[in-house]
2 protein chains.
Amino acid sequence: MLRNRTDTLPGMRITALAGGVGGARFLRGLRSHLDRLDDGPHEITIVANTGDDITLFGLRVSPDVDTLLYTLGGDIHEGQGWGRANESFTLQGELAAYGVEPQWFGLGDKDLGTHVARSMWLAQGSTPSEVTARLATRWGLPDQHVRLLPMTDAFVETHVVLDDGDEQRAVHFQEWWIRLRAAVPAQRFVVAGLDRAAAAPGVLEAIRTADLVILPPSNPVVSIGIILLVPGVRDALRGTAAPVVGVSPIVGGGPVRGHADACLATLGVEVSPSGVAGLYRDFLDGWLIDSGDAESFGGPAGLTTEAVPLLMKDLPTAEAMAAAAVDLGLRLRNRP
Amino acid sequence: MLRNRTDTLPGMRITALAGGVGGARFLRGLRSHLDRLDDGPHEITIVANTGDDITLFGLRVSPDVDTLLYTLGGDIHEGQGWGRANESFTLQGELAAYGVEPQWFGLGDKDLGTHVARSMWLAQGSTPSEVTARLATRWGLPDQHVRLLPMTDAFVETHVVLDDGDEQRAVHFQEWWIRLRAAVPAQRFVVAGLDRAAAAPGVLEAIRTADLVILPPSNPVVSIGIILLVPGVRDALRGTAAPVVGVSPIVGGGPVRGHADACLATLGVEVSPSGVAGLYRDFLDGWLIDSGDAESFGGPAGLTTEAVPLLMKDLPTAEAMAAAAVDLGLRLRNRP
């Protein structure tokens with residue numbers, strides 16, 4: 001419930017960790033909210049999960065980065081939340097005709113333009129940070145005062161060890177998520193390459209020097225949870241002077257979208273706003289939960305919690321949620 | 001002029017060296033002609049020029065191989081002679097939006113499916129021969145008794161040293177051919193990598209053991225001329241017991257299509273059926289020229305020449321040309 005709105009800070013610098021669809025929709029709402037405030041421009045730095053990146057047909061696909069680009073850039077497929085509006089699938093149909101697998105990951109012709117450009121620039125020696133910045137320019141993010149950073153420039157990939165009987169096998173996260181619809185229990189998540197990863201340039205600084213850090217309602221295990229595993233990120237969140245405000249991705253006992261319940265089950269964490277808050281308890285200052293969960297919410301202790309409507313059904317509702325997160329953060333800053 | 005048709009051989013094995021559009025149209029006519037003959041199936045082995053291959057957007061494009069695949073596979077853009085029928089250019093439009101150059105080479109979404117598959121398979125360790133065979137399967141070439149071989153598995157690329165004043169510069173053949181429309185004089189052609197190239201598996205054997213070798217009306221300098229530079233190919237043509245029959249790409253003092261005149265000028269060769277025959281004189285047995293060139297044709301001496309209509313305006317005219325080439329070859333075989 002939004003109450004008396006706190007004053008802004010001049011030129012706020014907000015840093016957000018984000019996965020794909022939920023994160024992107026929330027951040028589009030945040031951008032829109034900040035544009036209405038005085039004392040701008042206010043800047044957003046997004047640290048994007050790249051743990052679910054995948055190489056398909058020899059092309060490097062970065063699903064969360066792309067969803068953020070297309071959503072903030074204004075050409076997302078609104079219905080599905082990922083991919084491009086008015087998309088065609090001609091090229092992938094050709095690959096199918098050549099007998100090329102897999103076909104369970106839908107890559108449209110427009111979307112493939114991004115992957116071809118990314119793969120070419122990476123092959124030419126650019127880092128993922130540089131590639132992301134170049135892609136973001138086309139989508140007008142710098143003009144919106146949005147800086148999009150991959151969590152790391154290292155090659156990392158989340159794989160899922162399946163719990164399907166005697167035989168253990170691991171599949172890429174995307175195969176588990178899309179082809180198997182997370183219906184086969186995951187015994188654990190293994191992020192290949194993360195042990196050798198360093199945070200991408202600017203990531204730790206953006207967390208440490210922000211005025212406010214926000215965790216959008218992204219998947220707490222395979223999106224934000226992976227970013228938290230990048231060496232230095234969790235320490236930066238613990239050490240930052242900025243309030244850290246999170247938005248629960250669990251509403252009414254289940255995920256608003258996606259398979260966060262299956263992911264939480266793998267960690268043995270309760271599928272509830274308190275369960276998720278527990279994952280962030282060492283650095284979380286403020287926590288937004290859904291109005292409907294206010295009565296049942298049970299902790300953790302010492303966390304400033306506020307209940308607001310958490311269903312992003314359109315831009316205005318996303319904007320209201322973002323406004324609540326910013327206001328909570330500003331109140332936490334002003335707390336004696 | 002077709003005269004009394006010679007009998008066929010049972011199960012003829014015909015080997016052809018070919019470039020793109022002209023070669024592909026002729027070979028489609030040849031395939032159609034052979035299907036009408038008795039004593040089949042008659043087999044065609046095509047040795048395709050890969051000298052004008054190019055890497056665009058990180059993808060390996062093999063224009064002559066692709067034109068042969070699409071033409072024989074029945075999905076060529078008939079009007080332009082290259083590329084796919086009913087093509088869209090969505091992906092390349094995205095690359096343009098990202099500021100990616102070059103844009104002078106048109107790559108459609110269907111066509112890009114071939115390049116993505118090829119590039120992926122090459123990156124996985126397949127040879128160009130293996131990749132070509134895999135692509136050809138989808139287009140039904142094995143079922144048509146057509147075997148398509150790249151001239152070499154080595155990475156070769158034709159570059160053009162431009163003759164444009166004081167400063168010498170070299171551009172990729174495709175840039176000279178497409179962007180510059182061969183309007184800037186070429187001082188010379190340099191085929192990078194050809195010195196280290198070997199003929200692809202099966203190429204030399206197909207020339208040596210054929211019943212008949214045909215040179216379709218492909219560009220004698222930058223298509224067939226490049227294949228002839230692959231070590232061993234020219235010797236195989238000189239040594240084969242099969243008659244070698246060529247079809248003039250020059251009709252009425254100019255190329256039927258493309259910029260063969262500019263290419264011949266670079267070599268200092270006359271733009272005429274005799275000029276081209278001179279390039280092949282050490283191995284050519286039979287030569288088809290256009291009816292209109294019969295009077296002016298001047299040699300080389302000792303070459304069996306026949307004048308027939310050489311304009312391939314549709315499948316029947318291509319078929320008639322192919323029939324003339326086969327008949328001439330068979331008569332040369334039966335010559336005492």
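1. The expected span is 1.5 Å times one less than the number of residues; helices here are DSSP runs (H or I, at least four residues), numbered from the N terminus. Of the 16 residues of H1(A), 13 are buried, that is, under 20% relative accessible area with a 1.4 Å probe, protein chains only.

2. On provenance: this is a predicted model, in which local features need pLDDT of at least 70 and side-chain atom pairs count only at pLDDT 80 or more, while totals for chains, interfaces and linings use all residues. Residues are numbered from 1 along each chain as its sequence is written, chains are lettered from A in the order in which they are written, and side-chain values use heavy atoms, without hydrogens and water.

3. Chain B is laid on chain A by a turn of 180° and a shift of 0.0 Å along the axis, with an RMSD of 0.0 Å. The two copies are therefore related as by a two-fold rotation axis. The superposition is by least squares on the C-alpha atoms of residues with pLDDT of at least 70 in both copies. In chain B, B:Asp109 has the C-alpha nearest the axis, at 3.5 Å. Both copies use the same surface, since 100% of the contact residues of chain B recur in chain A; contact means heavy atoms within 4.5 Å.

4. Each side of the interface is listed separately: 25 residues from chain B and 25 residues from chain A. About 2,100 Å² is buried between the chains, 70% of it from carbon and sulfur atoms. This area is the accessible area (1.4 Å probe) lost on putting the two parts together, summed over both. B:Glu94, B:Tyr98 and B:Arg138 supply 32% of what chain B buries against chain A, more than any other three residues.

5. Four salt bridges are counted between chain B and chain A, each a side-chain nitrogen of Lys or Arg within 4 Å of a carboxyl oxygen of Asp or Glu. One pairs A:Arg84 with B:Glu94 (2.7 Å, N to O). On the side of chain B that touches chain A, H4(B) gives the most, with nine residues.

6. A:Thr114 lies in helix H4 of chain A, residues 109-123, and is buried, with a relative accessible area of 0%. Beyond neighbours within four places in sequence, A:Thr114 is in contact with A:Asp66, A:Tyr70, A:Leu135 and B:Tyr98.

Definitions and conventions:
Buried means under 20% relative accessible area, exposed over 50%, partly exposed in between (1.4 Å probe, protein chains only). Helices (H or I, at least four residues) and strands (E, at least two) are DSSP runs, numbered from the N terminus.
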